[in-house]
Protein chains: 2
Amino acid sequence: MPNPTAAVLVIGDEILSGRTREANAHHLAGELTRVGIDLAEIRVVPDDHEVIVAALNALRERYTHVFTSGGIGPTHDDITADAVAAAFGVGIDVRADARALLEEALAGRGATPTADQLRMARIPDGATLIVNGVSGAPGFSIGNVHVMAGVPSIFVAMLDALLPTLAAGVPIRSREVRFDVGEGRVAAQLRQLAGELPQLTVGSYPFTDGDLRGTNVVVRGTDEALLEDAVARLEAVRATLQGPPGFSAGRGA
Amino acid sequence: MPNPTAAVLVIGDEILSGRTREANAHHLAGELTRVGIDLAEIRVVPDDHEVIVAALNALRERYTHVFTSGGIGPTHDDITADAVAAAFGVGIDVRADARALLEEALAGRGATPTADQLRMARIPDGATLIVNGVSGAPGFSIGNVHVMAGVPSIFVAMLDALLPTLAAGVPIRSREVRFDVGEGRVAAQLRQLAGELPQLTVGSYPFTDGDLRGTNVVVRGTDEALLEDAVARLEAVRATLQGPPGFSAGRGA
């Protein structure tokens, strides 16, 4: 059975304006790889109701899971929960269990929720809550859409709570082999390897290290023995190209 | 006249697996903001021909410009140029001017292009080249699609070459006002401000600084006087909430 698939929808003008460097998609990508859910798309959209609704409906139809990041705080620009309700065609209102979580967290800081803070307890009908151990206000899942905060520490905590509840796939493992030659000098051999081991993906990532042009080759797949086979073949190729490790680093384009 | 719009399409399995942290979209976002082109969408897709073609066709129809990042190197997993040709329904082959640029760069390193390196001189029919002062192999523009390298130093260099050739819009300016109170304590005032100044966008970004919960408020727009007006109003709100700057930082949710 193929692995579950996923997309992440990042919601926020601040990413698109260049003010903020997005961080949650990278964290999510690593965590999903670990549990065997294949992240197939990352999409970043602005704080625009219609755009969010359209993106949600496109993504939730295409992938097993859609994770969202951002737009669930107390201010006027936090419009994700309403967009999710609209995408699913359900109502949304303050819900007692969400309100209780919020009140409990605020009580710990000697406060009670303002009207604006109560917006964070508005949950689409039929959703289940995702607990937020950092600041109280919960995320939620509805259908295959999982709605989480944009603040990285809260996103991480919500994902930690959510991920064990999702059906895992077969973890994708990877091995990396470093070549101290440029991509151009190893491209033919990689093409051949990729053709011979179609169950693996073979990625080639150039790097520079001072004057050295090198290539990191990453093989990915679920079959440990095949990965070891690929690494052995890559090491054999490397031996023909650059001599013993550490002896004489070839230089090339 | 509204500003030109743009999307960036990042192509690469390594981003979606969590191996590599994407960097080019953030740089592009800042540069586009500077010249008044509104970045409206970031999309990351895998090294998959059909997926890339579909994304290109969706994005190039919707936005003034589409910038791509990644997949134009010499190895088997570099499939962007062919996908772009397919999306436009044009042919693609090694082109003399691109080949000359590549040969010149390699000659500087005492080398001539291998068959795999020559793949980097394959240019869709009708495209114009984007020079690459870092490693020689050019990017290209076809229609409203601008195809650039994924290696950040090369992406930056190509964008520096490309951006002055595109019609600029009215730069979006922004001002930031820091509140040493949480979002919940300033949400009502921000909602009011956003309603009174519909020509601006008002963004609210919570932060923590040790025990302090604070809120950075960012106003964005093209009209300098309106931005100054907004800042004055925000500073007035701040004075009512937290006293003189540096005197007594309010704490709140």
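Me: How many salt bridges are counted between chain B and chain A?
Reply: The count is six salt bridges between chain B and chain A, where the term stands for a side-chain nitrogen of Lys or Arg within 4 Å of a carboxyl oxygen of Asp or Glu. This is a predicted model, in which local features need pLDDT of at least 70 and side-chain atom pairs count only at pLDDT 80 or more, while totals for chains, interfaces and linings use all residues. Residues are numbered from 1 along each chain as its sequence is written, chains are lettered from A and ligands numbered from 1 in the order in which they are written, and side-chain values use heavy atoms, with hydrogens and water left out.

Me: Why is the meeting of Arg19(A) and Glu176(B) called a salt bridge?
Reply: The N to O distance between these side chains is 3.2 Å, and because that is within 4 Å, the pair Arg19(A) and Glu176(B) is called a salt bridge.

Me: What makes a residue part of the contact, and how many does each chain give?
Reply: Contact means heavy atoms within 4.5 Å, and the contact takes 55 residues from chain B and 55 residues from chain A.

Me: What area is buried between chain B and chain A?
Reply: It is about 4,500 Å², of which carbon and sulfur atoms give 52%; buried area is the accessible area (1.4 Å probe) that two parts lose on being put together, summed over both. Arg19(B), His26(B) and His76(B) supply 15% of the area that chain B buries against chain A, more than any other three residues.

Me: Why are strand 2 of chain A and strand 2 of chain B said to pair?
Reply: Three bridges join these antiparallel strands (DSSP runs of E, at least two residues), and because pairing requires at least two bridges found by DSSP, strand 2 of chain A and strand 2 of chain B pair. Val44(A) stands opposite Ile42(B) there.

Notes
Helices (H or I, at least four residues) and strands (E, at least two) are DSSP runs, numbered from the N terminus.
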